[in-house]
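This report describes selected features of one protein model. It covers paired charges, a nonpolar core and a pocket.

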Amino acid sequence: MFWRKVPVDRDYDHWLTYQVQRRVLVVARTVTTLTRLLDIHSLFEDDHRVQVAFTFDDRSRAIFAAGLEEFLATLEATLLPWEQAVDTPFDLAVAASENDALDKLTCPVLLVPHGIGHQKFYPDSTTVSGLNPDRLRGEHVRVGLSHANQLGRLEPAAAARAVVIGDPCHDRMLASTHRVPHFRRVLGISARKHVVLVSTWGPQSLIGTDPLLPQRFLSELPLDEYQVSLVLHPGVWSAHSPHQIRANLATTMRAGLTVIPPQHGWQATILAADVCVADCGSMPLYATAARVPVILGSPVADTVVPGSPLANLIAAAPQLGPGPLSGQLDDAIAAGPIDDVAGQAVEYPGKCAEILRPLLYETLDLPAPQWPAVFPPVADPAPERQPVTAFRVGVAADGHTVTRFPAAVPGPPLPGQHVVAHAELATLSELESASVVYREAADDFPSWAQATARQRPHARLIAETAPGICRLWTKGQVVELPGPEPLVTASRAHWRVVRRLPLTGEIQIP
């Protein structure tokens with residue numbers, strides 16, 4: 001096993017360019033814990049005096065350890081074998097799971113939560129997750145808490161070593177609210193309402209209780225009015241593998257579902273939400289703290305600590321019912337976020353960096369930097385999505401009001417229903433049922449349209465779209481119609497063709 005000499009072995013400091021004065025060890029356990037530790041790591045940015053190294057215990061891996069090594073590799077950081085990490089003198093270690101063998105470390109350790117405080121029991125246990133007393137006995141371990149109301153859950157010796165720091169993830173989200181318009185552009189939301197499904201892991205989670213819930217949302221919510229995004233806990237990705245997650249969501253992704261990968265981006269996605277449909281994980285509390293309305297979409301999990309802020313949020317949040325989704329979502333948006341809950345989970349909102357950085361540097365016995373202690377904004381989302389290439393379309397009796405849904409998921413019949421499918425990107429079954437077949441503008445539209453009409457004899461219209469223009473081929477003639485949404489124009493034209501009305505400028509809304 002290779003043990004690095006630089007930058008961690010002080011006997012080799014003469015090989016270093018930056019004159020390192022203190023060394024900090026980041027003890028990762030899962031993707032979830034690492035994302036939290038990176039929040040804290042940001043407080044050492046720009047300080048060349050502090051060298052940070054990472055490690056994880058590969059001999060005692062977490063159940064959700066899958067994906068951790070790949071995430072660490074993307075950081076391009078100094079990564080030490082666990083054996084070297086415990087054998088190397090560090091000045092400070094930070095961890096976000098008490099299940100790591102923190103007693104093996106000889107330096108001071110700061111243990112922080114990997115969620116928004118401590119709201120859950122371990123499965124089949126009465127031990128609060130993150131506060132296992134058997135793992136908090138080391139005199140060198142200080143426990144960082146998000147709120148003073150958690151002190152009572154610690155044994156007296158651990159409580160004496162605890163410190164209330166607030167929540168770095170919460171504060172990074174607060175520092176990013178001005179970027180919400182940018183996040184919405186990155187996510188492609190436009191003027192639509194953004195519905196974010198957020199699911200923790202396990203059979204009692206949002207997706208665990210209803211794996212087909214994303215399909216329900218996509219089949220009921222018009223594409224031009226709503227965008228649906230899905231944020232899954234990193235433990236879901238770890239347990240099932242990214243390959244299996246994408247396979248399970250294949251149809252819904254073809255239907256326009258935006259999927260947020262686990263490493264980063266969920267914070268920005270929640271900030272950019274108009275409403276979150278959630279379960280009993282940490283993310284609905286983060287959403288509430290960010291002033292985003294929350295609807296509870298799954299039964300209350302038996303792991304929620306009674307009287308905790310999460311339990312109070314669950315009691316106050318509206319429940320997702322069997323009725324039409326649009327009305328429930330719009331009611332929640334109109335009602336606004338739930339008040340007086342986030343403050344129970346996070347003390348000193350916006351002040352975590354001011355509290356935490358002096359604590360870190362005091363432990364390092366190093367003067368803190370002179371620049372202000374602030375967290376950087378959260379990372380941009382990195383959405384995984386596919387363009388919708390086939391639509392199930394309804395046109396109202398006025399011939400103008402068009403409602404579109406993805407054809408990939410079934411739904412109730414629509415007035416004036418027809419399918420609009422891309423000539424090259426839709427599936428064969430979608431093309432065979434399409435009344436309108438289209439492509440983006442290219443050369444020689446008439447000859448392409450004529451050939452396509454022979455291949456798709458059931459199509460009433462062959463269309464070509466360009467910005468602000470819809471070209472239609474029908475019965476050997478080309479008609480060019482203006483309109484901001486060319487495919488919507490094509491559906492209005494289809495309504496007229498079925499009724500043997502002329503294709504004129506009257507297709508557009510006055």
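## A buried charged pair

Asp39 is buried, because its relative accessibility is 3% (buried means under 20% relative accessible area, exposed over 50%, partly exposed in between, with a 1.4 Å probe and protein chains only). Helices (H or I, at least four residues) and strands (E, at least two) are DSSP runs numbered from the N terminus.

The model is predicted: local features need pLDDT of at least 70, side-chain atom pairs count only at pLDDT 80 or more, and totals for chains, interfaces and linings use all residues. Residues are numbered from 1 along each chain as its sequence is written, and side-chain values use heavy atoms, with hydrogens and water left out.

## Other salt bridges

The whole structure holds 24 salt bridges. In one of them, Glu464 meets Arg439, with 2.9 Å between the closest N and O atoms. This pair links distant parts of the chain, since Glu464 belongs to strand β17 (residues 461-466) and Arg439 to strand β16, 25 residues apart. Glu464 is buried at 2% relative accessible area, and Arg439 is buried at 9%.

## The largest nonpolar core

The largest nonpolar core contains 39 residues, and Met173, Trp266, Ile270 and Cys276 have the most contacts inside it. Such a core is a set of buried Ala, Val, Leu, Ile, Met, Phe, Trp, Tyr and Cys residues joined through side-chain atoms within 4.5 Å. Among the elements that give two or more residues to this core are α5 (168-174), α12 (266-271) and β11 (275-278).

Leaving aside residues up to four places away in sequence, Met173 touches Trp266, Gln267, Ile270, Leu271, Tyr286, Ala290 and Val378 (contact means heavy atoms within 4.5 Å).

## The lining of a pocket

The second largest pocket has 25 lining residues; Arg192, Pro387, Val388, Phe391 and Arg404 lie nearest its centre. On a 1 Å grid over the protein atoms alone, where a 1.4 Å probe fits, a pocket is an open set of points with protein on both sides within 12 Å along at least five of seven lines, and lining residues have an atom within 4 Å of a point. Strand β9 gives the most to this lining, with three residues.

Methods:
Salt bridge = Lys/Arg side-chain N within 4 Å of Asp/Glu carboxyl O.
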